[in-house]
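Hi,

Here is the structure I promised to pass on.

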Amino acid sequence: MKTKSNIKVLGIIAVLVVILPLVVQNSYLLQIFINIGSWTLISLGLTILLGYAGQISFAQAAFMGIGAYTAAIITVTLHWPPLLALITTAVISSIMAFLVGLPVLRFKEHYLALITIGFSVMVFVLMNQLSDITGGPGGFIGVPPFSIGSFVFKGDIANYYLIWGTVLISIFLIINLLSSRIGRALETLRSSEIAAKSMGINTFLLKMKVFIFAGVLAGIGGALYAFQLSFIAPNTFNVLESITYLTIVVVGGLRSVWGALIGAIVVTVIEKGLTHLLPLIIPDAGGELESIAYGLLLVLVLLFIPDGLGPTIAKSFKNKRNMTKSSKLKTLDQSN
Amino acid sequence: MNIEQVILTGLTNGSIYALIAVGFVIIYNVTGIINFAQGEFTMLGAMIVISFVDFGFNMITAAILTIIIVMGISTLMYGLAIYPLKNTKNSLTTIMVTMGLGIVITGISLLIWGTEARPLAPFTGNRPITFLNASISHQDLWIIGSCAVLVLFIYLMFEKTYFGMAFRACMSNKEASRLMGISTEVMAMLAFALSAGIGALAGIVMAPVTFAEYDMGMMLSLKGFVAAVLGGLTGAPAAIIGGFVLGILESVGTGFISSGYNDFIAFAALIIIMLIRPSGILGHKSIKKV
């Protein structure tokens with residue numbers, strides 16, 4: 001039942017995503033939608049990792065960076081086609097995630113937090129220091145746009161569809177995953193790891209799969225980011241940037257397929273909104289008020305809506321629907 | 001660079017990490033919370049002390065006022081954002097709250113003090129002292145010295161006072177200590193205040209060496225956390241050793257390989273240590289797997 005309604009929602013979102021660029025011709029707004037798409041993609045896996053496996057990872061930005069640099073190096077230095085680069089990116093991110101997760105996923109949550117901090121710092125140092133390969137702190141210039149065969153994803157609209165297509169496919173995969181055997185195992189893991197173990201679930205393997213999945217999605221997100229912007233620099237993939245993705249997930253709601261999407265929208269809207277609104281109210285306000293608002297948002301959501309916005313919206317929607325189901329059906333009949 | 005110099009530099013940086021790590025461990029053991037705003041206390045300590053000195057206060061008054069203010073901020077933080085979560089079973093929520101608080105504090109500091117790095121004159125003379133084959137500045141001695149004094153202070157407080165006994169009771173068994181009439185909420189609040197005071201002290205002594213920048217808190221939190229886990233998150237002595245290990249690993253990386261790679265070396269070594277001893281250097285051997 002839940003799966004069906006989720007698929008329905010996904011359908012509605014897909015229609016909205018397709019229509020949007022036809023309605024909105026403003027390239028700035030389109031850029032914002034692309035941004036929301038990549039943030040969703042990078043945070044998606046984290047939703048399951050935090051929500052079901054209870055593990056904190058600070059490595060989302062690092063995986064994004066690995067994806068971006070892999071894509072850049074493969075297309076520019078090795079002259080491979082972008083599609084092959086994207087596949088390689090997925091393979092490399094999954095290997096990296098496997099290696100990072102291998103020693104620590106057996107233990108309690110803060111070990112993964114620790115190792116992912118260490119891993120992110122190491123990746124960041126390498127991006128800066130291996131300047132022959134990565135371009136160093138100045139960044140990597142001239143990544144070609146993504147292409148499949150002779151079709152080149154050039155321009156904002158093509159990239160918009162590319163990123164949102166990937167987001168929708170990933171959400172579809174997660175919906176299916178959660179309604180499968182793995183999903184039920186995750187549900188057990190969430191309520192009690194001991195119970196999951198005694199049911200014969202290999203919790204280590206399960207957490208590993210989720211961690212790799214999160215890493216691969218972030219890696220692909222990073223590669224698409226590189227193809228879209230054609231320029232990448234290490235600072236985008238700093239460990240501190242990972243906190244943004246944690247914020248997105250917490251604000252949007254853990255354990256909800258829609259958490260990452262809702263969180264990405266809310267955080268982007270707040271960020272962009274503050275950038276434009278604050279100078280109107282306080283002329284010389286800079287980024288500081290943005291980050292205060294950002295932190296406050298995180299704290300307030302956790303204090304007052306600990307489940308995040310996603311599940312809370314869903315719950316209120318469900319309550320309303322149950323209460324007015326009959327009347328709604330009537331109005332539907334009338335409109336038909 | 002010679003080995004003595006590397007070790008001395010490591011001890012200096014390690015003292016800072018040790019102080020931050022002790023703050024982590026005190027809060028973690030009393031409340032079960034990993035406080036990612038810990039580095040912000042250090043940033044605030046450095047920032048506020050510089051402001052007081054700029055106002056014309058002498059160093060000692062400025063330091064004492066700073067520590068009191070930072071402890072007050074921490075208590076306020078506990079009361080407003082951490083205490084309301086006392087019934088939350090999900091430790092993730094509280095960790096994320098402390099991170100959010102860290103971001104808020106960083107933002108407010110940016111608002112007050114701006115982006116430039118703010119200097120502070122060393123407490124005493126500028127001439128480095130030569131010791132064995134290494135040279136060490138007065139300020140480095142201040143850093144190492146205050147770490148040593150603090151360790152002594154913590155030891156005496158925890159082992160010799162009634163208050164320390166209540167603290168230890170809370171650390172070892174929350175339920176039992178509540179039954180004995182110890183208010184765990186008050187203890188948690190005091191843990192936050194104490195950790196903030198220690199963090200602020202770290203900020204005050206390091207300010208002349210590193211300068212103070214509004215955004216240094218989060219990185220200090222991460223490094224302090226790393227040092228604390230390296231020590232096993234069990235107690236203050238282990239955290240201090242964790243801090244020194246991290247500091248020395250970093251300075252070995254800088255001194256013998258390349259300054260660009262020091263973080264890489266430190267964290268690579270850290271991961272290797274964690275693989276060999278997942279319970280930390282001084283941690284209990286039996287690790288809770290469930």
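Predicted model: local features only at pLDDT ≥ 70, side-chain atom pairs only at ≥ 80, totals over all residues.

Chain A overall

Chain A has 15 helices and 4 strands. Its C-alpha trace spans about 65 × 55 × 45 Å along the principal axes. Is the chain packed like a globule or drawn out? For 336 residues, a compact globule would have a radius of gyration near 20 Å, and chain A comes out at 21 Å, so the two agree. Buried residues make up 52% of the 336 residues in the chain. If you take the contacts in chain A with a separation of 6 or more, 78% of them are between residues 24 or more positions apart.

Helix α1 of chain A

This helix covers residues 2-23. At 1.5 Å a residue its 22 residues should span 32 Å, and the end C-alpha atoms are 31 Å apart, so the length fits. Asn6(A), Leu10(A), Ile13(A), Val17(A) and Pro21(A) are buried in α1(A). The spacing is worth a glance on screen: an α-helix has 3.6 residues a turn, so residues three or four places apart point the same way.

Leu217(A) in α10

Leu217(A) sits in helix α10 of chain A. Its relative accessible area is 7%, under the 20% cut-off, so Leu217(A) counts as buried. What does Leu217(A) touch, leaving aside neighbours within four places in sequence? The contacts are Leu41(A), Leu44(A), Gly45(A) and Ser170(A). Thr166(A) is 51 residues away from Leu217(A) along the chain, yet their C-alpha atoms are separated by 9.4 Å.

Two positive phi values in chain A

Worth checking if you look at the backbone: His79(A) is not a glycine, but has a positive phi of about 60 degrees. His79(A) is in the loop between α3 (60-77) and α4 (82-104), and is exposed at 65% relative accessibility.

Ser230(A) is another residue other than glycine with a positive phi, here near 65 degrees. Ser230(A) is located in the loop between α10 (203-229) and β4 (231-232). With a relative accessible area of 28%, Ser230(A) is partly exposed.

Over to chain B

Helix α1 of chain B runs over residues 3-31. From first C-alpha to last, its 29 residues reach 40 Å, close to the 42 Å expected at 1.5 Å a residue. The helix is mostly covered, with 23 of its 29 residues buried. Just after α1(B) comes Gly32(B), which takes a positive phi of about 80 degrees.

The other spot I looked at in this chain is Lys223(B), in helix α9 (residues 217-231). Is this lysine buried or exposed? At 10% relative accessibility, Lys223(B) counts as buried. Beyond its neighbours within four places in sequence, Lys223(B) is in contact with Tyr17(B), Leu246(B), Glu250(B), Asp263(B) and Phe267(B).

That's the lot from my side.

Cheers

How values were computed
Residues numbered from 1 in each chain as written. Chains lettered and ligands numbered in written order. Heavy atoms only, no water. Helix = DSSP H or I, 4+ residues; strand = E, 2+ residues; numbered from the N terminus. Expected span 1.5 Å × (residues − 1). Buried < 20%, exposed > 50% of the residue type's maximum accessible area, 1.4 Å probe, protein only. Rg over C-alpha atoms; globule rule 2.2 N^0.38 Å. Contact = heavy atoms within 4.5 Å.
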